[in-house]
Amino acid sequence: MVESEDYVEESIIVLTATEKLLSAQVIEMMKPQIFASVARSIVISLRNVEYFVSGSLFPDACPIGALLRLNRILKDSHRRLMLCDLRPRQAEVFHILRLDELLEIQADLAAARRACGLGKAQREVGLRKVNQKSVKANEDPRDDVREPRQ
């Protein structure tokens, strides 16, 4: 039901749902592998998934809630959850429901791996920006005042 690939050097684990129907049960089956892994980034590939269990018919089986809970747990432990390989209709539904604002979604596995790799570089750039702002914050703002023209 779930295939797993480890990219140890990149600190990524990729889990691929092998079922055509994604349910909360499938997400639950992924948790032991996720929590046993020391990977910083968890990528769930949905390339084989054609359908999601409906939350209106089976609220306890809806995978969206399970993905949101998993995302919160991973964020609390400073880890990252990413989805990839969504079909166009699935991506559209995620966008309409604004789930793409809560869950990180990439087009395919290659894009997800690049995004995970870029995370380190972006953090370093972010730290440089923060340091630059703190330097500017320590400068005297009166140094920037220009003399009025006459």
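Reply: What follows is a walk along strand β4 and the residues around it.

This is a predicted model, in which local features need pLDDT of at least 70 and side-chain atom pairs count only at pLDDT 80 or more, while totals for chains, interfaces and linings use all residues. Residues are numbered from 1 along each chain as its sequence is written, and side-chain values use heavy atoms, with hydrogens and water left out.

Strand β4 covers residues 41-45; helices (H or I, at least four residues) and strands (E, at least two) are DSSP runs, numbered from the N terminus. Five of its five residues are buried, so strand β4 is largely enclosed by the rest of the structure, where buried means under 20% relative accessible area, exposed over 50% and partly exposed in between, with a 1.4 Å probe and protein chains only. Ser41, Val43 and Ser45 point one way from β4, whereas Ile42 and Ile44 point the other way, and all are buried.

Two strands are said to pair if DSSP finds at least two bridges between them. On that basis β4 is joined by five bridges to strand β2 (residues 12-17), and the two run parallel. Five bridges also join β4 to strand β6 (residues 80-84), again in parallel. Within these pairings, threonine 16 stands opposite serine 45 of β4, and isoleucine 44 has leucine 83 in β6 as its bridge partner.

Serine 45 counts as buried because its relative accessibility is 1%. Its side chain makes a polar contact with the side chain of aspartate 85 at 2.7 Å; a polar contact is a pair of N or O atoms within 3.5 Å, and within protein one must be able to donate a hydrogen and the other to accept it, while residues adjacent in sequence count only if both atoms are side-chain atoms. Leaving aside residues up to four places away in sequence, serine 45 touches Leu15, Thr16, Ala17, Cys84 and Asp85, where contact means heavy atoms within 4.5 Å.

Arginine 79 counts as buried because its relative accessibility is 13%. Not counting residues up to four places away in sequence, arginine 79 touches several residues, including Arg40 and Ile42. Arginine 79 and arginine 40 are 39 residues apart in sequence, yet 4.9 Å apart in space, C-alpha to C-alpha. The side chain of arginine 79 also reaches the backbone oxygen of isoleucine 34 at 3.1 Å.
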